[in-house]
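Student: Can we go through this one together? I'd like the fold and the chain contacts.

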Amino acid sequence: MAQAMFSFAQSHEIDTPPPVAPRRGYWRTVQRRLRGDYVTLFFLSIILLLVLAAILAPLIAPFDPDKTSMLYRLKPIGYRHFLLGTDELGRDMLSRLIYGGRMSLMMGLVPVVLATCIGGFFGVVAGFLGGWVNMLIMRVTDIFYAFPSVLLAVAISGTMGGGVANGLLALTLVFIPSLCRVTEAATTQIRSRDFVDAARVSGASSLSIIFYHMLRNIMGPVLIYASSLISVSILLASGLSFLGLGVEPPTADWGLMLSTLRQSIYVQPLVCALPGAAIFIASLSFNLVSDGLRQAMDIKA
Amino acid sequence: MWLYAARRVLLAAPIALGVTIICFGLIYLAPGDPLESLLPPEATQADIAYLKKVYGFDKPIPVQYLKWVTRASVGDFGKSIQTNRPVLGEVTLALSHTLVIAVGAMLIAFPLALALGTLAAFHLGRPPDRIATIASVVGVSVPNYWLGIVLIIVFAVELGILPSSGMGPDGSAGFDLTQWSQLRYAVLPVLTTALVPLGIIMRSTRAAVAEILSQDFMLTLRAKGLARATIVQHALRNALPQVLPVMGLQFGYLVGGSILTETIFTWPGTGFLLSKAILTRDIPMLQGALLILALLFVIINLAVDLLQTALDPRVKRG
């Protein structure tokens, strides 16, 4: 009998995916739910359009975004060949908005990706090891939680002297604690589940438990949470540029454009509101897609 | 309850300590000497040494930190390099201006969010819910610095019925909330700041009330034939402890994170003070203002946490 059990344990690959990992039907269900969700699909296509426009900017922008013209300053929407008018230096708004998307979307996405990797790493370590390591990591994140995010982002990037790199760094630092917290909560919850114990008693190493059994279970909630931060990151990044702490002129960036055009609201109010509208559309789209994904993946909290 | 309160307060102490370290250490993130950028290029070595001594930058960093913390703990944050006035006085004055906007926004956003969120939860999936959900997602997604500009364009530029910026002709000293001629300056900043908390609180109210409504005791209340108003009252009372922390957090953001709106409306609050301190590299001001705001944020969250425990005895806290 003992002999039989022993051979059973040996014949079984320990590192095969556990039965609790997403069933094959899961992603199909998610897909099916998404296909019926026209709101999410619509805003997803807007995001794709924005990203495509940013990537293909040199091909689709009608004019050079940096070409100034003293003759055509602050022209209204639809003036001659300037589809969306011109800014205070006579640069074509449409071209600048297309190019500005590059900076603004990059500043929105990169900090979230970086923070997910770094915060996720610390979260998994804290949740998996528990004990004093958990204590140490989570208390440090508590301290960063004591700052309102706008305040922390402005303070960090401001004291470091502004600029794109410092802005990215500041935003990443702002997002790390919350991602760490979400990952830690998910990891701690999964760690106490029976299948993890089962994997451990069958001799799986810590690393294979983390990679095969836990990561795929915490991935969903963490990624959904991270996706909801993209919109926040876009708002904050443009806010930094708006304050003069992010992208530097003459680079096209939605936040920066909004800030410089602010002086001209008495001349061309509609044109001046355009960069903000772009920020709003991008942030709204990311928000709604994140919500749609969360619903389709049936993740609460 | 009292034991829990004492424990929570004790737990907040190390956080406060960590906050002081971050506020102090932040300026050393920047490359180079913190004083360097302040001095004109023609400053002599003697000038630099003198200034360093005056502001205490000649001591080793841990010594500077200890001195700063001990002074700060009795309310002495040093003097602003720019204005040469005590930091504490400047921050409290700015804070009183920020509170005008924060409290105003709170008074508009919180009740409205509770009402609309509850309305949405009672009509899940039907038009009121759809509208409230769209409104809340718009509220969360809109860049409030842009909203401020749009409001200025509509109400100050096009209609010309509200002032676009500042605190009124007499400045902050003569600001009087009871006078409409002064109060009108606060209208646009308050509306701008109110939208984000409105969206977020509406969202969590909707979720909390909807969850309560799905529970059996609500069915009992309905079966008993209670009036709709009473049912709403029961639902809200039970959902409130869940919404409260969200409200507290939002109020904290209103007090501490208003840099962008205050910049747009040139409202002389803490955010405005802070961005000025950053641009002029006014180190004592930056450290002091940051510390006061962060500690305030910690205290608000602590108070909300305790209030939540008091409101909801079911929450067992160890």
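Tutor: In chain A, 72% of the contacts with a separation of 6 or more are between residues 24 or more positions apart; two residues are in contact if their C-beta atoms, placed from the backbone, lie within 7 Å. This is a predicted model: local features need pLDDT of at least 70 and side-chain atom pairs pLDDT 80 or more, while totals for chains, interfaces and linings use all residues. Residues are numbered from 1 along each chain as its sequence is written, with chains lettered from A and ligands numbered from 1 in the order in which they are written.

Student: How many helices and strands in chain A?

Tutor: Chain A has 12 helices and 0 strands, taken as DSSP runs numbered from the N terminus (helices H or I, at least four residues; strands E, at least two).

Student: Switching to chain B: how many of its residues are in contact with chain A?

Tutor: 36 residues of chain B are in contact with 35 residues of chain A. On the chain B side, α6(B) gives the largest share, 7 residues.

Student: And by class, what is on that side of chain B?

Tutor: 29 nonpolar residues, 7 polar and no charged. Ala, Val, Leu, Ile, Met, Phe, Trp, Tyr, Cys and Pro count as nonpolar, Asp, Glu, Lys and Arg as charged, and the others, Gly among them, as polar.

Student: Back to chain A. Why is α7 called largely enclosed?

Tutor: Because 11 of the 11 residues of α7(A), residues 149–159, are buried, with 20 or more other C-beta atoms within 10 Å of their own, placed from the backbone.

Student: What covers them?

Tutor: The cover includes α8 and α10 of chain A, together with α9, α10, α11 and α12 of chain B.

Notes:
A residue is buried if 20 or more other C-beta atoms lie within 10 Å of its own, exposed if 12 or fewer, and partly exposed in between; C-beta atoms are placed from the backbone.
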